[in-house]
Amino acid sequence: MKVVTLSAALLLPAAALGNDMRTPAPEGARVYFITPADGDTVKSPVSVRFGLEGMGVAPAGVEKEKTGHHHLLVDQALEDPDSPIPADEHHRHFGGGQTETSIELAPGTHTLQLLLADHNHIPHQPPVLSEVITITVE
């Protein structure tokens with residue numbers, strides 16, 4: 001009888017192995033807002049355009065070096081850079097490779113932050129994050 005043993009590392013999800021499993025980001029890569037600008041007062045729906053330097057955009061599921069796809073964090077900070085980004089009202093996914101969107105936001109003050117993630121929705125190492133901007137929706 002043949003006995004097969006598996007390393008415990010093979011049984012753990014990639015996120016549990018730490019940031020050694022994260023896709024490396026090129027030095028100097030950055031994501032930023034083209035619009036809106038920090039401090040803007042806007043009407044809903046809010047038009048948001050994403051900028052990217054030092055990397056390319058590829059749809060979710062497409063593994064290609066030095067690429068990723070955008071996520072928009074709304075009133076939310078990045079909680080766990082080693083895990084896939086959840087999909088909900090605070091974590092907007094643009095897995096089709098989109099570089100702009102229009103989002104409905106309630107009147108009031110909101111924070112926005114862009115985050116690039118790899119083909120599995122996991123932030124790069126180090127994370128490619130924009131500055132947090134604050135907008136007011138009328």
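Trainee: What does Ile 135 touch, beyond residues up to four places away in sequence?

Mentor: This is a predicted model. In it, Ile 135 touches Pro 36, Ala 37, Asp 40, Val 42, Val 46, Leu 105, Gly 108, Thr 109, His 110 and Leu 112, with residues up to four places away in sequence not counted.

Trainee: And which residues touch the most other members of the largest nonpolar core?

Mentor: Val 46, Leu 72 and Ile 135 do, in a core of 21 residues.

Trainee: Which elements give two or more residues to this core?

Mentor: Strand 1, strand 3 (46–53), strand 5 (67–74), strand 8 and strand 10 (133–137). As background, nonpolar side chains tend to be buried together in soluble globular proteins.

Trainee: Switching to Arg 22. Where does Arg 22 lie?

Mentor: In the loop between helix 1 (8–11) and strand 1 (30–35).

Trainee: Is Arg 22 buried or exposed, and why?

Mentor: Arg 22 counts as buried because its relative accessibility is 8%, and the cut-off for buried is under 20%.

Trainee: Which backbone oxygen does the Arg 22 side chain reach at 2.4 Å?

Mentor: That of His 124. The backbone oxygen of Pro 81 also lies 3.2 Å from a polar atom of the Arg 22 side chain.

Trainee: What else does Arg 22 touch?

Mentor: Leaving out residues up to four places away in sequence, Arg 22 touches Asp 82, Ile 122, Pro 123, Gln 125, Pro 126 and Pro 127, as well as Pro 81 and His 124.

Trainee: OK, His 121 now. Where is His 121 found?

Mentor: In the loop between strand 8 (108–117) and strand 9 (123–129). His 121 counts as partly exposed, because its relative accessibility is 24%.

Trainee: Which side chain does His 121 join through a polar contact of 3.2 Å?

Mentor: The side chain of His 71. His 71 is also among the residues that His 121 touches, a list including Ala 60, His 69, Ser 83, Pro 84, Ile 85 and His 93.

Trainee: How many residues along the chain separate His 121 and Gly 95?

Mentor: They are 26 residues apart, with 8.3 Å between their C-alpha atoms. Gly 95 itself lies in the loop between strand 6 (91–94) and strand 7 (100–103).

Trainee: What is Gly 95 in contact with, leaving aside neighbours within four places in sequence?

Mentor: Pro 59, Ala 60 and His 69. Ala 60 and His 69 are among the residues touched by His 121 too. Gly 95 counts as partly exposed at 22% relative accessibility.

Trainee: What separates the C-alpha atoms of Gly 95 and Val 62?

Mentor: A distance of 9.7 Å, for two residues 33 apart along the chain.

Terms used: Residues are numbered from 1 along each chain as its sequence is written. This is a predicted model: local features need pLDDT of at least 70, side-chain atom pairs count only at pLDDT 80 or more; totals for chains, interfaces and linings use all residues. Side-chain values use heavy atoms; hydrogens and water are left out. Helices (H or I, at least four residues) and strands (E, at least two) are DSSP runs, numbered from the N terminus. Buried means under 20% relative accessible area, exposed over 50%, partly exposed in between (1.4 Å probe, protein chains only). A polar contact is a pair of N or O atoms within 3.5 Å; within protein, one must be able to donate a hydrogen and the other to accept it, and residues adjacent in sequence count only if both atoms are side-chain atoms. Contact means heavy atoms within 4.5 Å. A nonpolar core is a set of buried Ala, Val, Leu, Ile, Met, Phe, Trp, Tyr and Cys residues joined through side-chain atoms within 4.5 Å.
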